[in-house]
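I opened this notebook to record what I looked up in the structure. The entries follow the order in which I consulted it.

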There are 6 protein chains.
Amino acid sequence: MPTVKLWTDAEAAADPRIHAVFNDIRTTRNSDFINNFWRALANQPALLERTWADIKAVMLAPGALDPLTRELIYIAVSTLNSCTYCIHSHTAAARAKGLTSQQHEELLAVIALASHTNALANAMQVPVDPEFLVG
Amino acid sequence: MPTVKLWTDAEAAADPRIHAVFNDIRTTRNSDFINNFWRALANQPALLERTWADIKAVMLAPGALDPLTRELIYIAVSTLNSCTYCIHSHTAAARAKGLTSQQHEELLAVIALASHTNALANAMQVPVDPEFLVG
Amino acid sequence: MPTVKLWTDAEAAADPRIHAVFNDIRTTRNSDFINNFWRALANQPALLERTWADIKAVMLAPGALDPLTRELIYIAVSTLNSCTYCIHSHTAAARAKGLTSQQHEELLAVIALASHTNALANAMQVPVDPEFLVG
Amino acid sequence: MPTVKLWTDAEAAADPRIHAVFNDIRTTRNSDFINNFWRALANQPALLERTWADIKAVMLAPGALDPLTRELIYIAVSTLNSCTYCIHSHTAAARAKGLTSQQHEELLAVIALASHTNALANAMQVPVDPEFLVG
Amino acid sequence: MPTVKLWTDAEAAADPRIHAVFNDIRTTRNSDFINNFWRALANQPALLERTWADIKAVMLAPGALDPLTRELIYIAVSTLNSCTYCIHSHTAAARAKGLTSQQHEELLAVIALASHTNALANAMQVPVDPEFLVG
Amino acid sequence: MPTVKLWTDAEAAADPRIHAVFNDIRTTRNSDFINNFWRALANQPALLERTWADIKAVMLAPGALDPLTRELIYIAVSTLNSCTYCIHSHTAAARAKGLTSQQHEELLAVIALASHTNALANAMQVPVDPEFLVG
């Protein structure tokens with residue numbers, strides 16, 4: 001259960017700012033489906049607009065990292081933040097972008113190994129080698 | 001300052017288990033440099049052996065994700081765990097594997113955006129859409 | 001499902017220590033409602049007593065921060081800890097103390113933005129400016 | 001030590017995008033001081049522009065939460081993310097906005113208490129009371 | 001709902017690698033029960049093999065910490081990572097190894113107190129006393 | 001550098017509340033050494049009193065878990081919270097209570113393994129087996 005109302009299509013259509021964002025999501029994704037994250041964020045119109053603009057800029061614009069790689073990074077962060085919603089939505093997004101079973105296994109293996117060595121390095125407070133430092 | 005002793009090359013050479021791992025690190029990486037993480041982990045020989053074996057299996061073996069992509073995921077996890085050592089060592093490793101400035105910018109942008117939406121999804125406790133669920 | 005038993009009113013009434021805390025919760029809040037957190041904590045009487053005493057001292061005593069502001073901080077921490085129960089209970093508490101829709105939007109925006117910049121500052125390991133340090 | 005270059009004023013002045021953001025920071029804050037966070041973020045111009053725009057919108061625009069309250073929430077998030085840089089910069093910012101010693105004590109007390117009860121609620125997996133749910 | 005398929009016994013029996021691990025789990029634990037974690041991890045055979053080998057080495061081999069103490073540490077980590085599955089499975093495991101009600105109370109009290117003082121030490125950025133440093 | 005003043009012995013002696021707590025720390029520990037955590041917390045007298053009372057109740061009182069086991073749990077939590085100060089102070093405390101090299105290795109191995117499986121269970125969103133649930 002959410003801590004805020006989930007906006008229906010009818011409610012969204014009645015508010016020009018929400019309506020505009022929902023429309024742009026539908027057009028951009030070429031799909032009628034608006035997932036619950038945006039229906040929840042509709043309670044905060046300015047935040048909705050900024051967050052959607054950021055998603056477009058960061059996840060959808062052409063760039064140096066391909067779209068699937070960006071989703072893998074997103075899943076890693078969401079796992080560490082223990083964000084159930086985001087783990088589900090971005091694993092689904094990665095699959096839609098072609099994530100194979102083997103890639104998923106390797107992603108999980110890297111996330112698990114990094115969590116393992118992060119814990120060790122923090123517990124031992126290992127000093128950073130000068131060789132790693134910039135300039 | 002570490003919470004454990006950092007093993008010197010001389011100390012490592014005097015212990016066959018540590019010596020074997022340090023040798024394999026040097027051979028595998030084709031470099032004489034042993035970074036502090038392994039010098040600290042040398043206090044725990046079984047853990048040292050297992051962790052190095054995992055690094056070889058997960059980060060260095062051929063697979064479906066290219067080595068740079070694995071480093072990007074590693075950096076994302078290390079950032080979320082606030083692991084100073086790991087952020088430095090894996091940013092350096094990513095650079096050694098060809099990370100460009102633009103790729104770094106996009107990596108940071110995805111980590112930051114995921115942290116932003118994770119916080120929102122958690123704060124609003126957004127229910128997972130049935131459309132995202134497997135099978 | 002909890003990992004511990006949730007104490008019913010009848011069970012609580014039969015144990016003097018639990019009974020005393022539950023009574024004080026009811027009197028302090030001027031309500032008969034005892035939420036599940038306390039029913040779970042009743043399994044640990046000393047911890048129940050200490051935690052309730054702390055809640056009274058920190059959240060309910062007069063002070064320099066108004067009660068709603070304290071709830072906003074509580075929600076921020078609970079979101080970062082991904083504590084589903086606490087996010088729900090303290091969002092409800094904030095609403096009971098007058099949280100408006102606009103305040104909620106701004107709270108979410110600050111939590112999200114801080115998560116965004118925290119991730120960036122950690123990933124870049126930005127050195128603290130001397131100007132920020134205390135005398 | 002940072003993982004990226006910190007831009008000097010001279011370097012920033014030579015790049016129109018960086019120059020424009022640095023100028024706007026100076027004008028908005030009515031101060032010549034540019035803290036290291038922005039000097040590090042200058043390596044990622046698009047992210048620099050977006051992040052500064054967000055800071056202006058979320059932290060500096062008039063709203064329903066006063067500027068000091070927003071800083072308190074920021075400090076809470078930064079503490080939970082163990083972001084040394086952000087803890088320092090936003091504690092300094094809160095002091096500049098009038099944070100008193102007593103307010104700081106209460107802020108720390110709420111952050112600590114929330115961390116305490118978050119851990120308990122998570123460890124006991126306390127089920128959310130229906131009374132807390134929206135709608 | 002998981003993000004991956006949960007392998008049934010029939011499916012596991014048809015894959016020699018999965019079959020071997022499931023068999024070893026059953027033999028080692030002297031029980032027919034295979035919990036969902038392993039049924040999910042069966043999608044990633046190499047990771048399944050490595051993770052089960054690690055569990056045997058770290059949690060089940062004789063050592064300097066008794067098995068119940070290892071479970072207490074596991075619960076503490078799982079609580080901090082907000083891992084619902086792991087909190088449940090390792091609290092059940094600790095109970096199977098004799099965890100008493102009083103020990104559980106003390107475990108929760110230490111986890112909560114450490115979370116409280118960790119938050120304070122981070123928020124105040126307390127410098128490490130030289131007396132604590134190794135050698 | 002801390003975000004608050006560290007109280008000297010002379011300053012502490014001039015404030016009756018601080019003086020009383022510092023005295024009790026010295027008497028209880030049978031040592032003149034007051035570590036920086038308490039010198040920082042002295043800025044918040046009520047929080048200082050409550051936190052020290054909690055430390056005495058949770059870490060020092062006789063109970064069902066021996067003092068070293070409590071320190072191991074404390075180190076695990078502090079590692080997950082990436083609390084540099086607490087990792088150092090509680091590793092030192094564990095050593096003072098007899099932590100052996102082998103116990104330290106096993107502690108690190110459990111923390112690392114739990115971090116590894118927590119990440120996997122969260123990334124796969126493994127559903128809790130009914131067998132694990134209480135009552």
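**Entry 1: chains E and A**

I began with the pair E and A, where 8 residues of chain E are in contact with 8 residues of chain A. I then sorted the chain E side of this contact by class and found 3 nonpolar, 5 polar and no charged residues. I note for all entries that the model is predicted.

**Entry 2: chains B and A**

I turned next to chain B and chain A, where 58 residues of chain B are in contact with 58 residues of chain A. I looked up which elements of chain B give two or more residues to the side that touches chain A: they are helix H3 (36–41), helix H4 (45–60), helix H5 (67–80), helix H6 (84–96) and helix H7 (101–124). Of these, H7(B) gives the most, with 16 residues. By class, I recorded 34 nonpolar, 19 polar and 5 charged residues on the side of chain B that touches chain A.

I examined how helix H5 (residues 67–80) of chain E packs with helix H7 (residues 101–124) of chain F, and read an angle of about 45 degrees with the axes 9 Å apart.

H5(E) brings E:Arg70, E:Ile73, E:Tyr74, E:Val77 and E:Ser78. Sorted by class, the residues of the contact of H5(E) with H7(F) comprise 7 nonpolar, 3 polar and 1 charged.

**Entry 3: the fold and extent of chain A**

I returned to chain A for its elements and counted 7 helices and 0 strands. Read from the N terminus, the order in chain A is α-α-α-α-α-α-α. I compared the radius of gyration of chain A, 19 Å, with the 14 Å that the globule rule gives for 135 residues; the value is well over the rule, so chain A is more spread out than a compact globule. Along the principal axes, I found that the C-alpha atoms of chain A fill a box of roughly 60 × 35 × 30 Å.

**Entry 4: the domains of chain A**

Finally, I looked up the division of chain A, which gives domain 1 (1–61) and domain 2 (64–125). Taken over C-alpha atoms, the centres of domain 1 of chain A and domain 2 of chain A are separated by 25 Å.

How values were computed
Residues are numbered from 1 along each chain as its sequence is written. Chains are lettered from A and ligands numbered from 1 in the order in which they are written. This is a predicted model: local features need pLDDT of at least 70, side-chain atom pairs count only at pLDDT 80 or more; totals for chains, interfaces and linings use all residues. Domain bounds come from an automatic or database domain assignment. Two residues are in contact if their C-beta atoms, placed from the backbone, lie within 7 Å. Ala, Val, Leu, Ile, Met, Phe, Trp, Tyr, Cys and Pro count as nonpolar, Asp, Glu, Lys and Arg as charged, and the others, Gly among them, as polar. Axes are lines fitted to C-alpha atoms, for helices over the stretch in contact, and angles run from 0 to 180 degrees between N-to-C directions. Helices (H or I, at least four residues) and strands (E, at least two) are DSSP runs, numbered from the N terminus. The radius of gyration is taken over C-alpha atoms; the globule rule is 2.2 Å times the number of residues to the power 0.38.
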